[in-house]
Amino acid sequence: MSGQSITDRITAAQHSVTGSAISKTVCKATTHEIMGPKKKHLDYLIQCTNEMNVNIPQLADTLFERTTNTSWVVVFKSLTATHHLMVYGNERFIQYLASRNTLFNLSNFLDKSGLQGYDMSTFIRRYSRYLNEKAVSYRQVAFDFTKVKRGSDGVMRTMNTEKLLKTIPIIQNQMDVLLDFNVNANELTNGVINAAFMLLFKDAIRLFAAYNEGIINLLEKYFDMKKIQCKEGLDIYKKFLTRMTRISEFLKVAEQVGIDRGDIPDLSQAPSSLLDALEQHLASLEGKKVKDSTAASRASTLSNAVSSLANTGISFTKVDEREKQAALEEEQARLKALKEQRLKELKKNPATATTDSSPISTVGGTINSAPAIDLFSTPSSTNGTSKAANDLLDLQPAFQQPLPLSTANTWGGFSASPTPQQPQNARGLNVDFDSVFGNNTNANNLDSAVASSPNQGLTLSSQQSSKLVSDDLDSSLANLVGNLGIGNGTAKK
């Protein structure tokens, strides 16, 4: 199969409908395409491991579910994606894997669909064993050997004797399972196994660097150990020499498949005289007869061995620094590409640089500030006269001009007294009590006027009530009294 299968597309569509972005990304990263998982999908999964609201067990279970597929491509890519997250993802991911009793149960996996399936099934079984062992190692020591601090003040160099003798065998077991992958250059024939081999290559370098520093610490403490500890330490050192030969063969395969020579560290073996000195020291502790050796000769032999192993450690450090520098350059190139793309978009659409609602514009490199509109200021009239705010008792709209009040119509002794020239705030309330209480003859005129023209009175009141315009409470009351005709008792004819 050269592309995504129909099953891959249907599965991705199902996850799109259910709204599970993580499951969809896992599905896309582990398709039937014979190529390694795409970087964009792996980067998204790495970002998910760094998000606190992402369910890590669900993510891991989704990857485990993909390993139950019958296709070697899907299973191999699932293992590669899991390994990638263990190396580059948040530590919560590998912590969860270490807390599980079982991870990958692929010891009997076999894809019988073709000849390539038979060949790749062997490496799938070996690869799953290594990932299981990597999680078990983390469970035992509570840290990842490939990520520990190295150097003279590193974790393995500062470890005490008892803990060191328990930790180094754990590294040896993990290294053994990694080297059991045992792939040749002519077997790296597709992108899937190549992606897995690159992850194993980086793990092997970092794991052996921690292993090397543990041996240096062991040799520095060897001549001060007890007899039982010396026996364990000698056995550990002999196994270390065997594994150094195997790791050299592994690195040769990496060089044959095209990995840069600068990314492969140089391994310097300790002199053979060191092994003789270690065996003689153990024999002397056991009471056997050995050759007489001075403390100076033992110190010289030990110093040469530590120096050669330290050179190997320096070589590993240079490889790490080169890898970090390459990662930084790649990130800078990506940021530069994004910046250039953004500048091109701004040149095509310069209006998108600023918003229409913003009073400040930066087009052309200058800042043009427009006066801001005060939404709470009082509007001013065109003729220069300011009008006060209307009161809640206004009877007409604010911008309607006040109509002149007519003083010709009267109700008997009641007449409208205000004049247009008189200020509204100065209008008084003039009441003639004689006219109101019948002490004047004008009261009779009021009765006759009301009796003779009742319709006229209603029309007058409705017209004048519609003409009331005021700006405050005092003027409103004054106009109301004027409309009622409460005057000085003199009726105008």
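Is Arg157 buried, partly exposed or exposed, and what is its relative accessible area? In this predicted model, in which residues are numbered from 1 along each chain as its sequence is written, local features need pLDDT of at least 70 and side-chain atom pairs count only at pLDDT 80 or more, while totals for chains, interfaces and linings use all residues. Side-chain values use heavy atoms, with hydrogens and water left out.

Arg157 is partly exposed, with a relative accessible area of 22% (buried means under 20%, exposed over 50%, partly exposed in between; 1.4 Å probe, protein chains only). Arg157 forms a salt bridge with Glu220, the closest N and O atoms being 3.6 Å apart (a side-chain nitrogen of Lys or Arg within 4 Å of a carboxyl oxygen of Asp or Glu). Glu220 belongs to helix 9 (residues 191-222) and Arg157 to the loop between helix 7 and helix 8, so the pair ties together parts that are 63 residues apart in sequence (helices are DSSP runs of H or I, at least four residues, numbered from the N terminus). Glu220 is likewise partly exposed, at 38% relative accessibility.

The structure holds 12 salt bridges. Among them, Lys134 pairs with Asp144, with the closest N and O atoms 3.4 Å apart. Lys134 lies in helix 7 (residues 115-141) and Asp144 in the loop between helix 7 and helix 8 (161-179), 10 residues apart. Both Lys134 and Asp144 are buried. A further salt bridge joins Lys149 to Asp153, with the closest N and O atoms 3.0 Å apart; Asp153 is partly exposed at 46% relative accessibility.

Notes: Helix = DSSP H or I, 4+ residues; strand = E, 2+ residues; numbered from the N terminus.
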